[in-house]
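Take a walk through this model, one chain at a time.

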Amino acid sequence: MNWTWFHRLASPPYIFALARRLTPWFGWTSGLLIAAGLYGGLVLAPPDYQQGDGFRIIYVHAPSAWMSLMVYTTMAVAAAIGLIWRIKVAHAVAASCAPIGASFTFAALATGSLWGAPMWGTWWEWDPRLTSELILLFLYLGYMGLRGSIEDTQRADRASAVLAVVGIVNVPIIHYSVTWWNSLHQAPSVMRLGKPAMPVAMLVPLLIMLLAFTLFFVAVLLVRLRGEILSRERAASWIGEALGS
Amino acid sequence: MTNVTAVTGEPAALAGEEGRGPPAPASMLDAARLVLLRDLKLAFRRRGQLVQPLAFFAMVTTLFPLAVSPELSRLREVAPGVLWVAALLASLLALEFLFRDDAHDGTLEQYSLSGQPLTWLMLAKTVTHWLLTGAPLALMAPLAALSLGAPGASVPGIVICVAVGTVALSLIGSIGAALTLGIRRSGVLLALLTLPLSLPVLIFGARATELAIRGSAYGAPLELLAAMAILGITLAPLAAAAGVRISLE
C-alpha cells in the first residue's frame, strides 16, 4: 500500500493548499444544510405539546453543545498526535480548535440560558449539564490562557498539548461527579425534554443541523488553520509561492 | 560531581553521609528519598513560607462567619463547603513554590539529567508538597470545623477526608505547576488551569465532610476520593514530568 498521501498530511505547504481547496466545499455545504435545517426546524416541525414554539431553540442549542465536546475531543487528539509524533501541523490544528470550541461552548450556554428563562423560570439552573458545560468553558479558557502566556511557539504547543490530554482524561470524571453531586443536592424538578421519543418531523431537522454544524466547524477550522500555518511558517520560502499563485 | 550529588543538587547536604568514595549508581527509591529529604530540609529552613498557606486557610475560614452570620446552625450547613474551598485555595497557594526555586537554580535540570526517572522524582516532590500543606491542613481542618459548629465526634472523619482529598489536590496541582513553570506572574493562570480539574475532589470532599459532620456513614464519597488519589498517583507524575521537560527546553 502506498502511504505517501498519509505522510504528506504532515507537510505544512500541502495542508495549506489542501485547506484552501476544501474550505469552499465545506463552507457552502454547511451553509445550505443550515438553511435547510433551520427551515425544517423553525417552519416544518410541529410545535411541542408542552413548550409550544419555545423548544425550537434546540436546533441551535443541541448542535452547539454537541460541537463543544466534539471540538474538545478533536483538539485533544490533534494535540496528542503532535506530542507523540512531533507533527507541527497537528499542533496547528489543536491551536485552531480552541477558540472555535470555546465559542460553541459559549453559544450552548447562552442559548441554554435563553431557553431556561421561559421554560424553567430562571436564567441559570445548577443543572448537571449546564454546570459541566460551564466547566468545559473554563477548560478551554485555561488552554488558551496557557498557550497565550508562553512566547515560544514550540513550547506553547507542547505544554498546551499536555494540558489538553490531561483535560480529556478529566472531562468524563468531571461530568459524572457533577451529575452525582446534582442528584444528591437537588430534587429533579427540571422538566426534561426528549424523554418520550421525538417525532420524526422534529428529529430530522435536528440531525441536519448536527451535520451542518460539524461541517461548519471543519470549514472554520480550515480557515483558522491556514492563518495559523501562515503565522508559523512566515519565514519559509514556499509561502511566497503559495500566496503569489 | 558524583552521581549522588547530581541527583540531589546540593553537595553540602550529603557530604557527611556519602563521603568521597567512587560514585555508586543510586537506586530509584534512594533518589526519591533524597529528593524528599532535601525538599523537607529546605522547606524547614524557610518556616515563614511554610506557615503561609496554613495562615491563609485559617484566615479564609474566619472570613465566613463574618460574612455569613455568627449563628452556628447556619455555619454548620456551609462548613463543608467553606473547609474545602479554603483547603483548595491554600493548596493552590503553596503550588507556586513547588518547582519555582528548583527551576531558578537549575536543580530541575540536574534532576532531568540525573539518569533517574523524572516521573519518580516528580512523585517525590509532590509527596513533599502534600506533607507540607495537605497533612497540616488535615490537622487544622477539624479546628476550623469545630469553630463552625461541627460536633466533636466528626473530627476523625474530617481529618481522613481532608488528608485523602489533599493527596489528589497536590497531584493535580503538580501538573499545573509544571506546565506554568517558565511563565512570569503565573499565579492566576495556575488557578485557571488547576481549579476546573480539581472540581471532582471538591465535590466528593465536601460531600464526605458533610456526611461526617451529620454523623452519617461517609464511606462512599471517601472511597471515591481515594480512587481519585490513586488515579492521580499513577498518572499525574507522568504529566508533571512531561511538563517539566517541556519547560526546561
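A residue counts as buried if 20 or more other C-beta atoms lie within 10 Å of its own. Keep that cut-off in mind for helix α5 of chain A. Its buried residues are Leu130(A), Ser132(A), Glu133(A), Ile135(A), Leu136(A), Leu139(A), Tyr140(A), Gly142(A), Tyr143(A) and Leu146(A). An α-helix has 3.6 residues a turn, so residues three or four places apart point the same way.

Now step back to the whole chain. The model is predicted. Chain A has eight helices and zero strands. Read from the N terminus, its elements run α-α-α-α-α-α-α-α. The C-alpha atoms of chain A fill a box of roughly 60 × 40 × 35 Å along the principal axes. Of its 245 residues, 39% count as buried. Among contacts in chain A with a separation of 6 or more, 80% come from residues 24 or more positions apart.

Helix α4 of chain A deserves a longer look. It covers residues 88-119, which makes 32 residues. From first C-alpha to last, α4(A) reaches 47 Å, close to the 46 Å expected at 1.5 Å a residue. Yet α4(A) does bend, by about 25° at Ala98(A). A proline, Pro99(A), follows within four residues.

What surrounds Ala98(A), leaving aside its neighbours within four places in sequence? Ala98(A) is in contact with Met75(A), Tyr140(A), Tyr143(A) and Met144(A). Tyr140(A) and Tyr143(A) are among the buried residues of α5(A). Ala98(A) itself counts as buried, because it has 22 C-beta neighbours inside 10 Å. Ser68(A) is 30 residues away from Ala98(A) in sequence, but the two C-alpha atoms are 9.8 Å apart in space.

Arg86(A) lies in the loop between α3 (58-85) and α4 of chain A. Most residues other than glycine have a negative phi, and most peptide bonds are trans. Arg86(A) is not a glycine, although its phi is positive, about 55°. Is Arg86(A) buried or partly exposed? Arg86(A) is partly exposed, because 13 other C-beta atoms lie within 10 Å. After α4(A) comes Gly121(A), whose phi is also positive, near 80°.

Move on to the place where the chains meet. Here 21 residues of chain A are in contact with 18 residues of chain B. On the side of chain A that touches chain B, α5 (128-149) and α6 (153-185) each supply at least two residues. The most comes from α6(A), with twelve residues.

Two packed helices are described by the angle between their axes and the distance between the axes. The axes of α5(B), residues 72-104, and α7(B), residues 118-147, come within 10 Å. They cross at roughly 150°. The cut-off for roughly antiparallel is over 145 degrees, and α5(B) and α7(B) are therefore roughly antiparallel to each other. Their crossing is right-handed. On the α5(B) side, the contact is made by Ala79(B), Leu83(B), Ala87(B), Ala90(B), Ser91(B), Ala94(B) and Leu98(B). Residues from α7(B) include His129(B), Leu132(B), Gly134(B), Leu137(B) and Ala141(B).

Methods
Residues are numbered from 1 along each chain as its sequence is written. Chains are lettered from A and ligands numbered from 1 in the order in which they are written. This is a predicted model: local features need pLDDT of at least 70, side-chain atom pairs count only at pLDDT 80 or more; totals for chains, interfaces and linings use all residues. The expected span of a helix is 1.5 Å times one less than its number of residues. The bend at a residue is the angle between axes fitted to the seven residues ending there and the seven starting there. A residue is buried if 20 or more other C-beta atoms lie within 10 Å of its own, exposed if 12 or fewer, and partly exposed in between; C-beta atoms are placed from the backbone. Axes are lines fitted to C-alpha atoms, for helices over the stretch in contact, and angles run from 0 to 180 degrees between N-to-C directions. Angles under 35 degrees count as roughly parallel, over 145 as roughly antiparallel, 65 to 115 as roughly perpendicular and the rest as oblique. A crossing is left-handed if the near helix is turned anticlockwise from the far one by less than a right angle, and right-handed if clockwise. Two residues are in contact if their C-beta atoms, placed from the backbone, lie within 7 Å.
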